[in-house]
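This report covers a surface patch, a pocket and a set of salt bridges. Please look at the structure below before reading on.

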Amino acid sequence: MCLFKPVTHVIFDMDGLLLDTERLYAQAAEIIATEYGKSFTWEMQVHCMGLKANIDALYNIESLDLPLTVDQYLDKVSLVYKTVFPSAQLMPGAEKLVRHLHKHNIPIAIASGGAQDSYELKTTNHKEFVTMFNHVVLASTDPEVKNGKPAPDVFLVCASRFSDTPKPEQVCDW
């Protein structure tokens with residue numbers, strides 16, 4: 001257990017925390033599953049949350065017994081993402097919290113399991129919002145991130161990119 005300390009830096013995940021996108025990922029996977037007479041479940045989506053794109057694709061292919069390679073699945077789902085991701089909405093309270101931290105000069109960043117192309121689509125209608133973040137690290141396309149979630153790599157890389165890198169002992173985990 002840790003004692004409460006002043007917040008010096010904040011790293012946010014994006015999907016399901018800042019943006020309501022998990023339902024959009026599930027919708028995209030269901031569209032592909034339906035093409036093959038299969039059904040994608042919310043339980044499957046929960047398993048995939050935060051995974052790198054290629055690992056997520058492999059899981060979906062194997063779980064649904066789809067006649068696709070990982071690259072074929074990624075190509076198909078990418079086309080669906082182009083139609084659904086721009087409709088991503090901010091999660092309730094996200095904008096208020098981010099604006100508060102930004103106003104008080106607390107360094108903030110995003111550490112996401114996603115890739116650059118999907119990030120651009122999801123933030124299409126939130127360009128001003130994302131300018132408040134010091135930086136963004138995207139696990140699926142950042143070469144410094146070796147392992148996707150649940151490994152902590154994306155968060156460690158993200159923390160290291162603050163100009164005044166917080167020391168690990170300053171980070172409280174629960």
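## A nonpolar patch

Trp42, Val46 and Met49 form a nonpolar surface patch of about 280 Å². Such a patch takes residues with over 30% relative accessible area and no salt bridge, joining nonpolar side chains (Val, Leu, Ile, Met, Phe, Trp, Tyr) within 5 Å and like charges within 9 Å. Areas are computed by the Shrake-Rupley method with a 1.4 Å probe, and for residues only the protein chains shown count as cover.

Trp42 belongs to helix α2, residues 42-48. Its relative accessible area is 44%, so Trp42 is partly exposed (buried is under 20%, exposed over 50%, partly exposed in between). Helices (H or I, at least four residues) and strands (E, at least two) are DSSP runs numbered from the N terminus.

## Basis of the model

The model is predicted: local features need pLDDT of at least 70, side-chain atom pairs count only at pLDDT 80 or more, and totals for chains, interfaces and linings use all residues. Residues are numbered from 1 along each chain as its sequence is written, and side-chain values use heavy atoms, with hydrogens and water left out.

## The second largest pocket

The second largest pocket holds about 550 Å³ of space. A pocket here is an open set of points on a 1 Å grid over the protein atoms alone, where a 1.4 Å probe fits, with protein on both sides within 12 Å along at least five of seven lines; lining residues have an atom within 4 Å of a point. The volume is the space filled by probe spheres set on the points.

Its lining has 31 residues, and those nearest the centre are Tyr25, Ala53, Asp56, Tyr81 and Ser118. Helix α4 gives the largest share, seven residues. At least two residues each come from α1 (22-35), α2, α3 (53-64), α4 (70-84) and α6 (116-122). By type, the lining has 13 nonpolar, ten polar and eight charged residues.

## Salt bridges

The whole structure has nine salt bridges, each a side-chain nitrogen of Lys or Arg within 4 Å of a carboxyl oxygen of Asp or Glu. Lys76 and Glu35 form one of them, at 2.8 Å from N to O. This pair links distant parts of the chain, with Lys76 in helix α4 and Glu35 in helix α1, 41 residues apart. Lys76 is partly exposed at 26% relative accessibility, and Glu35 is partly exposed at 47%.

Asp142 and Arg161 form another, at 2.7 Å from N to O. Asp142 is buried, with a relative accessible area of 12%, whereas Arg161 is partly exposed at 32%. Salt bridges with shared partners also join Glu95, Arg99 and Glu128 into one network.

Conventions: Buried means under 20% relative accessible area, exposed over 50%, partly exposed in between (1.4 Å probe, protein chains only). Ala, Val, Leu, Ile, Met, Phe, Trp, Tyr, Cys and Pro count as nonpolar, Asp, Glu, Lys and Arg as charged, and the others, Gly among them, as polar.
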